[in-house]
Amino acid sequence: MWPFSSSNNTGAETGTQQPPYPPSNGSGCPVDHSALSASQRQLPPNHPGCPVDHKSLSRTTDPHGSDATTSILNPANMMPAHSDVVAEGQRMPLDQSRELSSIPKGKGEEGVWEYPSPQGFYNALKRKGKEAPEENIPMMVAIHNFLNEACWDEIKKWEEKYHCDCKDIRLIKFRGRPDELSPKARLVGMVYGTPKPFDRHDWTVDRCGKPVRYVIDYYGAPDEGDMPVFHADVRPALDSPSAIFDRARDAASGLWDWVKGSSSQ
């Protein structure tokens, strides 16, 4: 997944139009912790996956220049600045405007995070060596933006449930780690034989001055007809006593709800 643009432009917040989705029937993002562990979301057919080269080092080749042309990666997301220039060989024009998310940037920065434009999204796919029909790009971007808003909503649910004293959480940075299994992903793979997630993101949140890391694992799921399905597991990283306590009491709450539900049948 490719959450946000590395542009520094800011402006008034705009709402995200939600693309049509069928009713959820699995676990994923966003999560309703009072009932389910997750909810499924769908991607359009032939979705090429995450267009970000997470293995990039400090510089990357500009897709519109020579091999010697490089651009600095943004340390907040380890991605190059997104180019909105029409790509070589592109068959049809794509919108170059960028939608603003509802996700506030970290303290010291103004405004909210930006999503990539359809043109920037397409250019990132080409930079990764992935092809996608230009006519599919606008819907892919709409779904991408919708999912990231849903994941942010899920993070806010965790914060509101266990740290309601902080009313101003912000996203400091995010990082793709597709080749690094989280402890939970490794555990469910060994115990239940669950396939490995196809992507992983770590989002670092500012909780009123305290940086808190969240892990998001993205899994594939059985197709529904000709539509591929995936789900995302969003939770605090187990890297502090506070996060361990939050995860433990959330698991206990889920177990208690399950026991009450079983006893009422």
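Mentor: The answer begins with the ground rules and the overall layout, and then turns to the packing and its surroundings.

This is a predicted model, in which local features need pLDDT of at least 70 and side-chain atom pairs count only at pLDDT 80 or more, while totals for chains, interfaces and linings use all residues. Residues are numbered from 1 along each chain as its sequence is written, and side-chain values use heavy atoms, with hydrogens and water left out.

The chain contains four helices and 10 strands, where helices (H or I, at least four residues) and strands (E, at least two) are DSSP runs numbered from the N terminus. Their order along the sequence is β-β-β-β-β-β-α-α-β-α-β-β-β-α. Of the 265 residues, 46% are buried, a word that stands for under 20% relative accessible area, with exposed meaning over 50% and partly exposed in between (1.4 Å probe, protein chains only). The accessible surface comes to about 13600 Å², with carbon and sulfur atoms holding 55% of it; such areas come from the Shrake-Rupley method with a 1.4 Å probe, and for residues only the protein chains shown count as cover. Among contacts with a separation of 6 or more, 62% are between residues 24 or more positions apart, a contact being heavy atoms within 4.5 Å.

A search of the whole structure finds one disulfide, that is, a pair of cysteine sulfur atoms within 2.5 Å. Cys 166 and Cys 208 form it, with their sulfur atoms 2.1 Å apart, and the torsion about their S-S bond is about 95 degrees, so the disulfide is right-handed. Distant parts of the chain are linked in this way, since Cys 166 lies in the loop between α2 and β7 and Cys 208 in the loop between β8 and β9, 42 residues apart. Cys 166 is buried at 9% relative accessible area, whereas Cys 208 is partly exposed at 45%. As for two other cysteines, Cys 151 is buried at 2%, and Cys 164 is partly exposed at 47%.

The aromatic rings complete the picture. A pair of aromatic rings is described by the distance of the centres and the angle of the planes. Rings of Phe, Tyr and Trp (its six-membered ring) pair if their centres lie within 6.5 Å, and planes under 30 degrees apart count as stacked, over 60 as edge-to-face and the rest as tilted. The structure holds three such pairs, among them the edge-to-face pair of Trp 113 and Phe 174, at 5.2 Å centre to centre and 70 degrees between the planes. Trp 113 sits in strand β6 (residues 112–114) and Phe 174 in strand β7, 61 residues apart, and the pair links these distant parts of the chain. Trp 113 is buried at 4% relative accessibility, and Phe 174 is buried at 4% as well. Another of the pairs, Phe 198 with Tyr 218, is tilted, at 6.3 Å centre to centre and 35 degrees between the planes. Phe 198 lies in the loop between α3 and β8 and Tyr 218 in strand β9, so this pair ties together parts that are 20 residues apart in sequence. Here Phe 198 is partly exposed at 38%, while Tyr 218 is buried at 2%. Finally, Lys 105 lies over the face of Trp 113, at 5.8 Å from the ring centre, the criterion being NZ of Lys or CZ of Arg within 6 Å of the ring centre and within 35 degrees of the ring normal.
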